[in-house]
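Let's take a walk through this structure together. Have the viewer open and follow along as we go.

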Amino acid sequence: MLHVVTQEKILLYIQNIPPAPTIVKQTLDYVRVGDLTKAAKCAEEDPALKLYLKTLVNRPIYGFRNEVSDLSQIFSILGVSTAQQILYNYLMSLLAPKAWGLFSLDNHSFYDLQASLSRKWEKILKHLQLLNHDTESAITLLPASIIVCDALFTEHKSEVEQLRAVKALDYNTILYRLSKLSLFDVCTEIGTKWEMSPAISRIVHAASGVDSTIAGNEKILAQWMHLLLFYELSQSTYVSAGLNEFVEFQIEFVQDIYESFMQVVGNDESNS
Amino acid sequence: MRATVKGRVAVFHPQGFLDGNNAPSFLTIDDIKATEGLNIDMLLVSLKKVIFFNKNGLDVFIRLLISIRNQKHIAVGLCDYDSAKFKTIQTFYGSTLNFSLFRTEKIAELFVSTNKNDSKTVLLYNDDPSQRSAMAIELFDYGHNPVIAQSKKEFEEKKQSPDLYYAVIEDTYLGLFGQKVATRVTGNAIIYTIGNFLDAEIGNTFNIAYHNNSLNVGFRLFIFDAYKVVSMNVHALNFFTKLASSGAEYNASICFVGLTFEKTPKSFKNDLEDAGIMFFNQMEDILKNKELLRELGGSSATSSKNVRSLTKGLINELSGLIDATVSTLAMMTNAKAIKESMNIQLLEIKDSKNQYASSIGFYGDLDGMIILVFPKNIAKKACELLIGEATDNEELILDSLAEFVNIIGGRAKTLLSEKKNRVDITLPRTYMDVDSLMEMAQNKKGVQVNLSFEGSHFTFFLTR
């Protein structure tokens, strides 16, 4: 008997999400209080984290001309907000599957997506003058929705394809209609488990474009995040990976920021 | 990206940004092959969720649309845009615009055949009088009632009462349309509109798949509205005589209405009559004559007089077809099904009240028909996933039920193809009550499987 995705299955998935490893947690604590030297020392104890930081920071998207290998150097270059953001990105990479099933992704393209989102998000926050530790880190939770989607739907790929052959439904809508839980609800649970600020979870949840209760700066951030997500998911690599169809693009939600978005992100792209 | 198929319309739904760099990624070789294999009358690209597009991006999709139109003689175009996007597209393509533009998918659906008898009243306006007339003729040929505004002022006035119209058609353009013979359903008769000079091209423009679908789901009366036919040649004559012969197995009646033989050889009439085709002067001569309608098989979707028995090949696939149905229902309802009994018998429905019914046929290497009878509560629950909320709107439920049955048909097709049986599926048909289903299925023997879903009974019936 086949059941696609039930609420029980989602709750079990959330239950099985590992808590943040102790070293990452401690490193994050040092970063949050601004002690980057201790953060670097702490991070040294986790070889996987060390490798991740070195590899990520030296990817072309970060734009450093010379290889940066010393952790204290990495942390001081990054600064508090970006270091926190990258540590969350690392946590997210731990959650990413070894082999993607639903989406044609590999971990390199996923890291590139994380890095590209993070870099553009920083530009946006500077433009909006809303840059702080929490807002900068908010973008790191967004790709969790992709990981969760892949995890929940991989084994039901063909059934969902049959359903989508007659109705243009995105994965997030299918999940919500089947279980009354959305991908963004699961992201919120992940944020809570990793002790992220509730503001981060609220912004990412609203970035689905369907939260009617959100207002003020959080709504503005959610609008920009939603459009940024679709800007990225419209890139060839992610269209080919099947990511363009995983959530529904709420065009009305972002219509009024489109021109400004293109000035900030579009110009940035053409200059980079 | 795969197109979504509803009825005989397939639509691509790209999202976000569409330009020359990313557009090719939306269409892999497999996607193109799958699209070429679809049995459809219209192929569209929806711009509803596209916030930015440029000509290079659109061109990637347009090339595919034009290529498929050339192969299949179907209508192709773009849909779901606002006035600003409409103007942009017109600017991009100017006088070379040779595909259609439909402001909404709902408007596009008015220009294709369905197997439903639902004439819609629509308000229509276009600055270009030739476009206005072309749309009005097409809409009329598809069985609708277009109210044509002759001026912008008149249009704006009439638009103030949107409740009077099923749709308001503006910012729409028909490009290279009329490649298929228009089809409409009246009661249980199918009416095809033909015109001009009929020659070998009728073999391309007549939708034989739709015709076969209609035969398979129980239609028996086919009327050719031939008022606009000037003449026909021997190739067209051969086509119609073959069509009549192939329909004989189903006891189908084929009639021509309004055909004059001023420029067509009189002997053709004799040949067509010998093949069993009948001639009438007026449409009302058939549609208003109840006795004649019954005789011709147009008073109900009756079953064939030649009862066709189940084949061994079909029985071999039975368990797979049941699994496809049960697993689809389980997927849509998150509920478990329990098989209660299975017998070879005539269709028997115990509590015929409060039930919806639906059917879908398949034909090719194997042919048959799956009939499903649902308690209304199960049907509603199954459709919630497609509709997005609980509803009591019967029309909406039946429409979604058709989509639901289409999913089952799609799974059955996949399942059979895995065993090297190539089949096509018919359009799904839904019935608001079991009685109208029984008219069609009364003589059909088949395998009846009674299932229980959360305490409610659900019937699966496989027949030919």
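This is a predicted model: local features need pLDDT of at least 70, side-chain atom pairs count only at pLDDT 80 or more; totals for chains, interfaces and linings use all residues.

B:Lys159 belongs to helix α7 (residues 152–159) of chain B, while B:Glu170 sits in the loop between β10 (167–169) and β11 (182–186), so the pair ties together parts that are eleven residues apart in sequence.

Another salt bridge of chain B joins B:Glu395 to B:Lys120, and here the closest N and O atoms are 4.0 Å apart. B:Glu395 is part of helix α17 (residues 394–418) and B:Lys120 lies in the loop between α5 (105–109) and β8 (121–124) of chain B, so this pair links parts that are 275 residues apart in sequence. B:Glu395 is partly exposed at 49% relative accessibility; B:Lys120, at 14%, is buried.

Now move over to chain A, where A:Glu44 forms a salt bridge with A:Lys50, with 3.1 Å between the closest N and O atoms. In this pair A:Glu44 is partly exposed, its relative accessible area being 35%, and A:Lys50 is partly exposed too, at 27%. Over all chains, the count comes to 25 salt bridges.

How many salt bridges are there between chain A and chain B? The count is two. One to look at is formed by the side chains of B:Glu403 and A:Lys167, at 3.8 Å from N to O. Side chains of opposite charge can pair in this way when their charged atoms come close.

The contact takes 38 residues from chain A and 39 residues from chain B, and the area buried between the two chains is about 3100 Å², with carbon and sulfur atoms giving 61% of it. There are also 15 residue pairs in polar contact across this interface, counting pairs with both residues at pLDDT 80 or more. On the chain A side, α9 (157–166), α10 (171–179), α13 (216–233), α14 (236–240), α15 (251–254) and α16 (258–271) each supply at least two of the residues that touch chain B. The largest share, six residues, comes from α9(A). By class, this side of chain A has 22 nonpolar, ten polar and six charged residues.

Next, turn to the way chain B is divided: domain 1 (4–169), domain 2 (182–296) and domain 3 (312–463). The C-alpha centres of domain 2 and domain 3 of chain B lie 32 Å apart. Where they meet, nine residues of domain 2 are in contact with eight residues of domain 3, and together the two domains bury about 720 Å², 53% of it on carbon and sulfur atoms. Which three residues supply more than any others of the area that domain 2 buries against domain 3? They are B:Asn213, B:Asn216 and B:Val217, with 71% of that area. Between these two domains the count is zero salt bridges, and there are zero residue pairs in polar contact with both at pLDDT 80 or more. The side of domain 2 that touches domain 3 has four nonpolar, five polar and no charged residues.

Staying in chain B, find B:Thr463 in strand β22 (residues 456–463). B:Thr463 is buried, with a relative accessible area of 0%, and its side chain reaches the backbone oxygen of B:Lys445 at 3.0 Å. Beyond its neighbours within four places in sequence, its contacts include B:Leu310, B:Leu314, B:Met369 and B:Ile371.

A:Gln129 has a phi near 55 degrees, a positive value in a residue other than glycine; it lies in the loop between α6 (107–128) and α7 (133–141) of chain A and is exposed, at 71% relative accessible area. B:Asp80 has a phi near 60 degrees, again positive in a residue other than glycine. B:Asp80 is placed in the loop between β6 (75–79) and α4 (83–93) of chain B, and is buried at 12%.

Finally, look at helix α8 (residues 144–153) of chain A, which is mostly covered, with nine of its ten residues buried. Among them are A:Ile146, A:Val148, A:Asp150 and A:Phe153.

Conventions: Residues are numbered from 1 along each chain as its sequence is written. Chains are lettered from A and ligands numbered from 1 in the order in which they are written. Side-chain values use heavy atoms; hydrogens and water are left out. Contact means heavy atoms within 4.5 Å. Buried area is the accessible area (1.4 Å probe) that two parts lose on being put together, summed over both. A polar contact is a pair of N or O atoms within 3.5 Å; within protein, one must be able to donate a hydrogen and the other to accept it, and residues adjacent in sequence count only if both atoms are side-chain atoms. Helices (H or I, at least four residues) and strands (E, at least two) are DSSP runs, numbered from the N terminus. Ala, Val, Leu, Ile, Met, Phe, Trp, Tyr, Cys and Pro count as nonpolar, Asp, Glu, Lys and Arg as charged, and the others, Gly among them, as polar. Domain bounds come from an automatic or database domain assignment. Buried means under 20% relative accessible area, exposed over 50%, partly exposed in between (1.4 Å probe, protein chains only).
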